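Please open the model in your viewer and keep the sequence beside it, so that each stop of this tour can be selected in turn.

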Amino acid sequence: MPNASNSQEGLKIMASSFSHFYKRDAQERLQIIADHSGLSDAQSAQLVSRAAQGDAKALIENYLTAFQLPEGVAVNFQINDHDYVVPMVTEEPSVIAAASNGAKTIADAGGIQAEVKSRLLMGQIVLSDVKVFASIDDWVALHTDELLEVARKAHPTIVSRGGGPRSIRTRDLGEGYVSIDLYADVKAAMGANMLNTMLEAMAEVIQTKLHHTTLFSILSNTADQSLATATCSIPVTALKNATQSGADVAVRIASASRVAQLDPYRAVTHNKGIMNGVDAVVIAMGNDWRAIEAAAHAFAVVDGQYRGLSTWTVQNDQLLGQLTLPLPVGTVGGATKVLPVVKINQQIATVKTPEDLMMIIVSVGLAQNFAALKALVTDGIQKGHMKMQLRSLALSAGATVNELKPMVAYLKTLSDPTAAAAETKLKELRTQIKDDNDAKH
């Protein structure tokens with residue numbers, strides 16, 4: 001075990017090295033990290049080469065470098081009779097391919113219909129130690145107009161754009177806690193800071209006039225009044241394959257969907273597959289994917305049991321799919337303004353409003369889910385995954401793009417492809433290429 005005095009001395013050295021770390025410039029931070037972690041010159045150079053240019057470094061504290069994730073585009077999307085190319089950022093193989101394949105089948109059947117049912121955010125002012133809920137409820141009811149006016153004055157810019165506070169309600173949470181909820185239209189922004197500003201202004205009035213101290217004021221990420229829905233209808237004949245009739249595949253997809261409504265264990269995996277596509281678009285569009293994840297999973301348990309977010313049924317020789325998601329996304333402000341690629345991605349996807357983005361995201365989620373369920377109940381989920389996994393295995397062994405094809409072909413022949421096997425084959429392949437080149441000369 002390490003000596004206690006040595007450990008204390010090590011902590012003192014670390015504290016000294018990282019003192020006022022946030023005030024250091026990028027080069028100083030990198031040197032501190034390199035010395036602390038024993039990074040080689042090559043490793044340090046890699047961090048430097050990936051450092052973002054422009055304003056991105058100001059987004060977070062203690063900025064070091066830019067962590068790169070692959071971005072691709074999903075194709076074949078037809079939403080409300082318009083064609084879309086959708087940027088997606090993900091490190092998981094097969095996600096973009098699955099979304100594109102699912103979208104093609106749906107597009108051939110007439111495409112996806114999407115709509116935004118509502119777009120309001122909600123925030124809470126929470127009181128504690130409330131003796132009589134009715135007294136709070138009555139006071140808020142009498143002062144609703146005043147509180148809404150306070151919220152409007154707290155953020156007049158959004159009011160001038162046609163947004164702003166819309167309604168207030170009170171809820172008895174039990175054990176002496178009461179929530180005063182504000183609903184607001186935040187227009188094109190994600191709206192967290194905007195709503196928090198309104199809530200804090202209201203809380204100050206409540207404390208002054210109601211004479212009751214507030215516990216906290218904060219946005220809720222539930223977003224159950226910011227909903228988008230996507231639906232599609234696919235003829236069962238379009239689902240047939242070499243060994244199964246289309247009707248059989250459709251029934252199996254519907255049955256798998258039903259299991260996700262009955263079994264939380266399956267529902268979690270079912271929904272994770274949906275979020276594979278959803279998160280990838282949200283990240284590409286510079287939005288808060290953690291908020292979207294939290295809202296989606298809360299929505300999945302709205303009736304008390306965690307369930308699949310999508311439903312698939314068979315009616316009159318048609319496979320019908322539906323997905324509704326809470327999507328509190330924005331198209332202006334925050335990272336959408338600071339990260340230059342976001343604006344490019346918005347242009348690629350022809351996103352002009354938050355409603356456009358909401359409809360695209362929920363449509364990608366539906367197509368992703370369809371592709372996953374279809375694979376699951378036909379060939380099995382691994383067949384599609386494995387090709388991309390073998391590409392990843394070859395790349396991790398050091399294969400170049402030109403070496404991928406022979407490497408994947410070889411790895412396919414193995415019953416248990418491993419990193420060691422990939423590395424050995426890559427060495428053999430390069431030796432063979434060298435020998436062939438030497439022979440030519």
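Angles between axes under 35 degrees count as roughly parallel, over 145 as roughly antiparallel, 65 to 115 as roughly perpendicular, and the rest as oblique. The axes themselves are lines fitted to C-alpha atoms, for helices over the stretch in contact, and the angles run from 0 to 180 degrees between N-to-C directions. This is a predicted model, in which local features need pLDDT of at least 70 and side-chain atom pairs count only at pLDDT 80 or more, while totals for chains, interfaces and linings use all residues. Residues are numbered from 1 along each chain as its sequence is written, and side-chain values use heavy atoms, with hydrogens and water left out.

**Two crossing helices**

Select residues 95–108, which form helix α4, together with residues 354–377, which form helix α14; helices here are DSSP runs of H or I with at least four residues, strands are runs of E with at least two, and both are numbered from the N terminus. The two axes come within 7 Å and cross at roughly 95°, and α4 and α14 are therefore roughly perpendicular to each other. Where they touch (heavy atoms within 4.5 Å), α4 contributes V95, A98, A99, G102, A103, T105 and I106, and α14 contributes A367, Q368, F370 and A371.

**A hairpin of strands**

Next, select residues 310–315 and 318–326, which are strands β9 and β10, paired in the antiparallel sense over six bridges; two strands pair if DSSP finds at least two bridges between them. Within this pair, V314 has L319 of β10 as its bridge partner. The strands form a hairpin with two residues between them, and in the turn N316 has a positive phi of about 50°.

Is Q318 buried, partly exposed or exposed? Its relative accessibility is 23%, and therefore Q318 counts as partly exposed, given that buried means under 20% relative accessible area, exposed over 50% and partly exposed in between, with a 1.4 Å probe and protein chains only. Leaving aside residues up to four places away in sequence, Q318 touches S233, I234, P235, V236 and T313.

**Two loops**

Finally, visit H20, in the loop between α1 (4–17) and α2 (26–37), where phi is near 55°, a positive value in a residue other than glycine. A223, in the loop between β7 (214–220) and β8 (227–235), also has a positive phi of about 55° although it is not a glycine. Most residues other than glycine have a negative phi.
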